[in-house]
Amino acid sequence: MNLTLKIWRQKNANEAGKFETYQVSGISEDMSFLEMIDVLNNRLIEEGDDPVAFDHDCREGICGMCSMYINGSPHGPNKGVTTCQLHMRSFSNGETITIEPWRAGAFPVIKDLVVNRSSFDRIIAAGGFVSVNTGNAQDANNIPIPKEDADEAFAAAACIGCGACVAACKNASAMLFTSAKVSQLALLPQGQVERAKRAQAMVAQMDEEGFGACTNTGACEAECPKGISIENIARMNREYFSAVFAAK
């Protein structure tokens with residue numbers, strides 16, 4: 001395939017960026033989207049130009065590093081697919097593809113398509129942990145957990161922290177991410193020790209990072225590559241207000 005790429009280029013968070021247009025040819029429909037960018041970058045390096053900076057790691061849809069906007073959608077046009085799992089067969093020969101980074105004040109641009117998502121790390125550090133006794137881990141069969149709770153906790157834990165929810169939200173809210181991290185621990189016996197303060201601490205950190213408020217439009221769930229449910233937001237709200245009222 002022959003494609004036209006309009007890619008956002010920006011040296012750092014303090015300098016203005018702009019779209020640059022590139023032509024790529026001979027792209028196989030079996031390539032992943034990131035492999036297509038690799039082809040472009042190899043050419044740019046050979047020509048003495050600066051390659052396009054983008055995040056990537058596992059390239060298996062697990063780590064969430066490959067986050068970028070593709071033709072106006074987080075991770076591209078396919079539902080339930082991360083950028084690294086997106087293949088070029090999803091595009092047409094001769095198509096123009098627009099590629100840009102996440103747009104959120106809490107995700108400042110580092111370079112080109114790479115943004116700083118360490119705000120997510122600080123939210124988790126504020127309360128996304130459990131207290132455990134030292135020594136060997138307890139056998140799982142010794143901790144009875146209702147299947148419904150286990151399933152819901154597992155579904156929440158599927159969040160890979162890519163930030164698509166923030167990018168999709170008109171308010172750049174991190175409620176879906178934060179609620180997933182609160183839910184996966186609130187539903188399990190191991191998470192009960194910090195339960196009363198976890199939601200308060202993580203919500204406070206989320207607000208401190210500058211993320212916007214949730215207005216329940218559901219764009220976060222619609223664009224999440226792992227299908228994290230907004231039911232987690234309702235659960236986090238219950239956890240938060242229960243903790244606030246219990247403390248009074």
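## Aromatic cluster

F107, F120, F177 and F211 are joined into a cluster by ring pairs, a pair being two rings of Phe, Tyr or Trp (its six-membered ring) with centres within 6.5 Å. The model is predicted, so local features need pLDDT of at least 70 and side-chain atom pairs count only at pLDDT 80 or more, while totals for chains, interfaces and linings use all residues. Residues are numbered from 1 along each chain as its sequence is written, and side-chain values use heavy atoms, with hydrogens and water left out.

## Ring geometry

Over the whole structure, 9 aromatic pairs are found. In one of them, the ring centres of F107 and F211 are 5.6 Å apart with the planes at 80 degrees, so this pair is edge-to-face (planes over 60 degrees apart; under 30 is stacked and the rest tilted). The two residues come from distant parts of the chain, 104 residues apart: F107 is in the loop between strand 5 (96-100) and strand 6 (109-111), and F211 in the loop between helix 6 (195-208) and helix 7 (219-223). Helices (H or I, at least four residues) and strands (E, at least two) are DSSP runs numbered from the N terminus. F107 and F211 are both buried, that is, under 20% relative accessible area with a 1.4 Å probe and protein chains only.

The rings of F120 and F211 have their centres 5.8 Å apart and their planes at 35 degrees, so this pair is tilted. Here F120 in helix 2 is linked to F211 in the loop between helix 6 and helix 7, across 91 residues. F120 is buried, as is F211.

## Packing of helix 2 on helix 5

Helix 2 (residues 118-127) packs with helix 5 (residues 175-186) at an angle of about 30 degrees, and their axes are 11 Å apart. Axes are lines fitted to C-alpha atoms over the stretch in contact, and angles run from 0 to 180 degrees between N-to-C directions. Helix 2 is therefore roughly parallel to helix 5, the term for angles under 35 degrees.

On the helix 2 side, F120, I123, I124 and G127 meet F177, T178, K181 and L185 of helix 5, where contact means heavy atoms within 4.5 Å. The residues of this contact comprise 5 nonpolar, 2 polar and 1 charged, with Gly counted as polar.

## Q205 in helix 6

Q205 lies in helix 6 and is buried, its relative accessible area being 16%. Apart from neighbours within four places in sequence, Q205 is in contact with R122, I123 and A126.

Methods
Angles under 35 degrees count as roughly parallel, over 145 as roughly antiparallel, 65 to 115 as roughly perpendicular and the rest as oblique. Buried means under 20% relative accessible area, exposed over 50%, partly exposed in between (1.4 Å probe, protein chains only).
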